[in-house]
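This briefing is intended for a reader who has the sequence and coordinates at hand.

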Amino acid sequence: MSTGSASPALSVLGLIEVETRGATLVVHLARAQKRNALSDPVIDALDRVFTNLPDGIKAVVLSGHGEHFSAGLDLSELTERDVPQGVRHSMGWHRVFERIQFGPVPVIAALKGAVIGGGLELALTAHIRVADASAYYALPEGQRGIYTGGGASVRLPRVIGVDRMIDMMLTGRSYSAAEGQQLGISQYLTDAGGALDKALQLAEKIAANATITNFALIQVLPRISEVDRAGGFVMEALMAGIAQGEPDAKARVRAFLDGKAAKVKHSS
Ligand code: 1HE
């Protein structure tokens, strides 16, 4: 793997661990003994990390220690909240998850084992999801008598469709890694244990893109897909003009014309 040398892992509140590998920040959920369940302090730790990305970081890989990406909401906290606290709790997750999705750099999630409930909601904040063969997806909220609160209602139907989400929650249906790949939950599927390495390789490629292109892809394209056609075309034209005007674009195109840049090669 050529993903740069790793820094020593730093613990954030003892709940997540971060390390840098070249221009990639690797963020590990580090509560394997609780299957990386997402407690309030874990969400707070994620908030801190994504609010203060170190200078020079151009991509983030989001992963989990142990055999599971995340078992979702820490259910031990749920018993304590009343209705207004529940609403605030959900809105707090929305705020942090929006920060991840609409932060300064692309995020690649490396998925394995349980990717369920809030764990799936967290995975859906990533721009690219790499699953290994052990991954499976479920929304057990339906069975627990609760409802999604970390943005699944907004993000998941855009990926798999409303009817599939309704089915997952009404019936407790889960999807395998292979099914998730077909449905678009993941864009990449690896052998068991391979997701983190693949995510790191992709992060290295993404980090080498022009900053303006990555900005367009994570900040502008998702907004274009939510506006009317005419507005979308104008936004695209503005983005195209801005990007092509950057010196980085001129240098990259010149390099190709001079025979110094890689040609497009197809590899599956
Ligand atoms: C937990 C949690 C959790 C595990 N909150 N403590 N999420 C769920 O409904 C999923 C609940 N978890 C499970 O179904 C299973 O734990 C797993 C399939 C993920 C993994 O099974 P397994 O056999 O590997 O582990 P385990 O023995 O069940 O769990 C190990 C420990 O983690 C155990 O604690 P221990 O003290 O007995 O060792 C579990 O209690 C603990 N644990 N999952 C708290 N989720 C913003 S809204 C989002 C709403 C949701 O996310 S709802 C979905 C909640």
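The points below are grouped by topic.

The model is a predicted one. Its protein chain contains twelve helices and ten strands. With a radius of gyration of 19 Å, close to the 18 Å that the globule rule gives for 268 residues, the chain is as compact as a globular protein of that length.

**Overall dimensions and packing**

- The C-alpha trace of the protein chain spans about 65 × 50 × 35 Å along its principal axes.
- Buried residues make up 44% of the 268 residues in the protein chain.
- When contacts between residues at least 6 apart in sequence are considered, 65% of them join residues at least 24 apart.

**Accessible surface**

- The protein chain has an accessible surface of about 14000 Å².
- Carbon and sulfur atoms account for 56% of that accessible surface.

- V83, V87 and M91 together form a nonpolar surface patch of about 320 Å².
- Of these residues, V87 is located in helix 3, which covers residues 83-101.

**L217 and helix 10**

- Helix 10, comprising residues 211-224, includes L217.
- L217 has a relative accessibility of 45% and therefore counts as partly exposed.
- L217 and Q182 are 35 residues apart along the chain, and their C-alpha atoms are separated by 22 Å.

Notes:
Residues numbered from 1 in each chain as written. Predicted model: local features only at pLDDT ≥ 70, side-chain atom pairs only at ≥ 80, totals over all residues. Heavy atoms only, no water. Patch = residues over 30% accessible without salt bridge, like charges linked within 9 Å, V, L, I, M, F, W, Y side chains within 5 Å. Areas by Shrake-Rupley, 256 points an atom, 1.4 Å probe, with all protein chains shown as cover. Salt bridge = Lys/Arg side-chain N within 4 Å of Asp/Glu carboxyl O. Helix = DSSP H or I, 4+ residues; strand = E, 2+ residues; numbered from the N terminus. Buried < 20%, exposed > 50% of the residue type's maximum accessible area, 1.4 Å probe, protein only. Rg over C-alpha atoms; globule rule 2.2 N^0.38 Å. Contact = heavy atoms within 4.5 Å.
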